[in-house]
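Reader: I am new to this structure. Please take me through one part of it closely.

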Amino acid sequence: MENPDIRVEKGHAEPEEVAAITAILLARAAARTSESTPTHRGRAKAGWRRLEREGGFRAPHSWH
């Protein structure tokens with residue numbers, strides 16, 4: 001194996017351990033692509049504010 005796809009950064013992994021991790025990653029990748037409809041769990045409005053649209057000063061006791 002000249003150019004391995006998976007590399008162990010720290011420690012030593014036996015070939016069986018690398019094979020097990022590879023099988024798990026391939027199974028997760030296959031399960032992820034089989035979903036037909038994407039689920040959207042986002043907000044309709046952004047959770048942050050653009051600073052250029054804010055007023056110039058906020059009172060120090062203000063929470064908004």
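Which side chain does a polar contact join to that of Glu-14?

Author: The side chain is that of His-12, and the polar contact spans 3.5 Å. A polar contact is a pair of N or O atoms within 3.5 Å; within protein, one must be able to donate a hydrogen and the other to accept it, and residues adjacent in sequence count only if both atoms are side-chain atoms.

A word on the source. This is a predicted model, in which local features need pLDDT of at least 70 and side-chain atom pairs count only at pLDDT 80 or more, while totals for chains, interfaces and linings use all residues. Residues are numbered from 1 along each chain as its sequence is written, and side-chain values use heavy atoms, with hydrogens and water left out.

Back to Glu-14. It lies in the segment before helix 1. Glu-14 is partly exposed, at a relative accessible area of 39%. Here buried means under 20% relative accessible area, exposed means over 50%, and partly exposed is in between (1.4 Å probe, protein chains only).

Now the salt bridge. The whole structure holds one. Glu-9 pairs with Arg-7, and their closest N and O atoms are 2.7 Å apart. The term needs a side-chain nitrogen of Lys or Arg within 4 Å of a carboxyl oxygen of Asp or Glu. Glu-9 is exposed at 62% relative accessible area. Arg-7 is exposed too, at 65%.

Next comes the helix. Helix 1 covers residues 15-33 and includes Ile-24. Ile-24 is partly exposed, with a relative accessible area of 48%.

Finally, the whole chain. Of its 64 residues, 0% are buried. The protein chain exposes about 7100 Å², and carbon and sulfur atoms supply 56% of that area. Accessible areas come from the Shrake-Rupley method with a 1.4 Å probe; for residues, only the protein chains shown count as cover.

How values were computed: Helix = DSSP H or I, 4+ residues; strand = E, 2+ residues; numbered from the N terminus.
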